[in-house]
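Subject: Structure handover

Dear colleague,

Please find the structure below. My notes on what was found follow it.

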Amino acid sequence: MKTMGFINSHKENENRIALLPCHMNELGKEAAYMFFERGYASKLGIPDQEYEKMGASISTREEILQKCDIICDLKAGDAEYLGELREGTTVFGWVHPHVDPDMKKLLLDRKLRVYAWEEMLENSTQIFYRNSILAGEASVLHGCLSYGILMEGKRAAILGRGNTAMGAYKMLVSNAALTTVYGRRQEQQFRKEMEQFDIIVNAVLWDPERRDHILFREDLKKLKKDALLIDVSCDEHGAIETSRPTTTDNPIYREEGVAHYCLDHSPSLFYRSASEFISEKVSLFIKPLVWEREDRVLEGSRVIDGGKMILKESCR
């Protein structure tokens with residue numbers, strides 16, 4: 001049986017966690033092989049003793065990284081410790097190896113086994129789809145709040161038709177914004193109409209092989225003077241050429257006079273709600289991971305193993 005460690009992300013203002021004690025009820029002796037970083041759920045008001053009551057152990061971050069066979073970290077792709085992991089260690093979290101070539105090389109060189117949450121699908125539906133919906137909702141709400149505008153009566157455009165776009169649409173329409181949605185095949189139609197919008201939301205996860213953009217820097221000069229670009233996907237220089245990640249404390253910057261909101265982990269703004277449905281899903285895969293049992297969803301999300309890429313890199 002494999003040992004599994006849960007650690008907090010060190011990403012700025014990332015307060016979501018992967019597993020709550022209330023979702024450990026179905027575990028038996030597996031809990032004895034689980035280790036949680038000291039203070040793991042303290043930001044949610046949950047003491048370490050709640051995990052110990054379920055049969056798990058509390059350890060320091062350093063001990064978990066050194067001794068556990070499996071490391072669960074929501075934002076594993078942003079982790080600073082990957083180069084310190086023992087060869088063959090399993091990483092379980094959001095990874096996106098196609099985004100950072102240096103990080104991908106590190107994962108391959110260390111011969112880690114990587115199960116990427118963004119690749120976890122069941123019946124063609126993402127396991128963590130609710131987090132994507134929340135990303136759309138949170139980005140629109142926080143973006144407009146940070147920019148000091150109400151959505152009511154604003155003309156808004158959404159690029160994309162996936163779960164993230166669904167969340168953005170829900171937030172805009174519920175706040176009386178006049179909203180138009182453009183799918184992937186309607187990029188040119190959007191470009192013809194982009195000058196009329198007060199709010200533009202990008203929910204298209206960009207293909208890293210593309211060298212063009214939906215919105216180029218020169219296009220910003222055509223937009224309304226006080227337009228707000230909300231790039232939920234936040235692929236740097238992706239769909240929006242001028243996008244770059246921002247922080248919770250400073251979520252907005254201007255390029256060519258146009259406001260950009262590009263917080264790349266906006267669901268953490270609602271970390272309690274996000275942690276609840278993330279934990280509910282993570283709990284389903286603990287037994288297959290620690291027992292190394294065959295699981296179709298897990299197998300489909302194994303993107304790196306033994307120094308090799310397993311899946312063709314996706315754009316999710």
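A residue is called buried under 20% relative accessible area, exposed over 50% and partly exposed in between, with a 1.4 Å probe and protein chains only. By that rule Leu 269 is partly exposed, since its relative accessible area is 30%. This is a predicted model, in which local features need pLDDT of at least 70 and side-chain atom pairs count only at pLDDT 80 or more, while totals for chains, interfaces and linings use all residues. Residues are numbered from 1 along each chain as its sequence is written, and side-chain values use heavy atoms, with hydrogens and water left out.

Surface patch

Leu 269 sits in the loop between strand E14 (258–261) and helix H7 (271–282); helices (H or I, at least four residues) and strands (E, at least two) are DSSP runs numbered from the N terminus. Together with Leu 141 and Phe 270, Leu 269 forms a nonpolar surface patch of about 210 Å² accessible area. Areas come from the Shrake-Rupley method with a 1.4 Å probe, and for residues only the protein chains shown count as cover. Patches are made of residues with over 30% relative accessible area and no salt bridge, with like charges joined within 9 Å and nonpolar side chains (Val, Leu, Ile, Met, Phe, Trp, Tyr) within 5 Å.

Salt bridges

A salt bridge here is a side-chain nitrogen of Lys or Arg within 4 Å of a carboxyl oxygen of Asp or Glu. The structure has 22 of them. One of these joins the side chains of Asp 69 and Arg 86, at 3.9 Å from N to O. Asp 69 lies in the loop between helix H2 (61–67) and strand E4 (70–72) and Arg 86 in the loop between E4 and E5, so this pair ties together parts 17 residues apart in sequence. Both ends are partly exposed: Asp 69 has 22% relative accessibility, and Arg 86 has 35%.

Arg 113 is bridged to Asp 305, with the closest N and O atoms 2.9 Å apart. Because Arg 113 belongs to strand E6 and Asp 305 to strand E15 (residues 302–305), the pair ties together parts that are 192 residues apart in sequence. Arg 113 is partly exposed at 28%, whereas Asp 305 is buried at 16%.

Arg 302 and Glu 299 also meet through their side chains, at 2.4 Å from N to O. Arg 302 is buried, with a relative accessible area of 16%, and Glu 299 is partly exposed, with 41%.

Pocket and cavities

On a 1 Å grid over the protein atoms alone, a cavity is a set of points where a 1.4 Å probe fits but cannot get out; a pocket is an open set with protein on both sides within 12 Å along at least five of seven lines; lining residues have an atom within 4 Å of a point. Grid points are joined across faces, edges and corners, and a volume is the space filled by probe spheres set on the points.

The second largest pocket holds about 300 Å³ of space. Its lining has 18 residues, and Thr 90, Arg 113, Tyr 115, Leu 289 and Glu 292 lie nearest its centre. Strand E6 (113–116), helix H8 (286–291) and helix H9 (296–300) each give two or more residues to this lining. The pocket lining divides into five nonpolar, three polar and 10 charged residues, where Ala, Val, Leu, Ile, Met, Phe, Trp, Tyr, Cys and Pro count as nonpolar, Asp, Glu, Lys and Arg as charged, and the others, Gly among them, as polar.

There are two cavities of 30 Å³ or more. The second largest cavity has about 30 Å³ of space. Its lining consists of Leu 159, Gly 160, Tyr 182, Gly 183, Arg 184, Glu 187, Val 204 and Ile 214, or four nonpolar, two polar and two charged residues.

Backbone and a buried Trp

Most residues other than glycine have a negative phi. His 96 has a positive phi, near 50°, and lies in the loop between strand E5 (90–93) and helix H3 (101–109). His 237 has a positive phi as well, near 55°, and is placed in the loop between strand E12 (228–231) and strand E13 (252–255). His 96 is partly exposed at 23%, and so is His 237 at 46%.

Trp 117, in the loop between E6 and strand E7 (121–122), is buried at 1% relative accessibility. Trp 117 and Val 297 are 180 residues apart in sequence and 10.0 Å apart in space, C-alpha to C-alpha.

Regards
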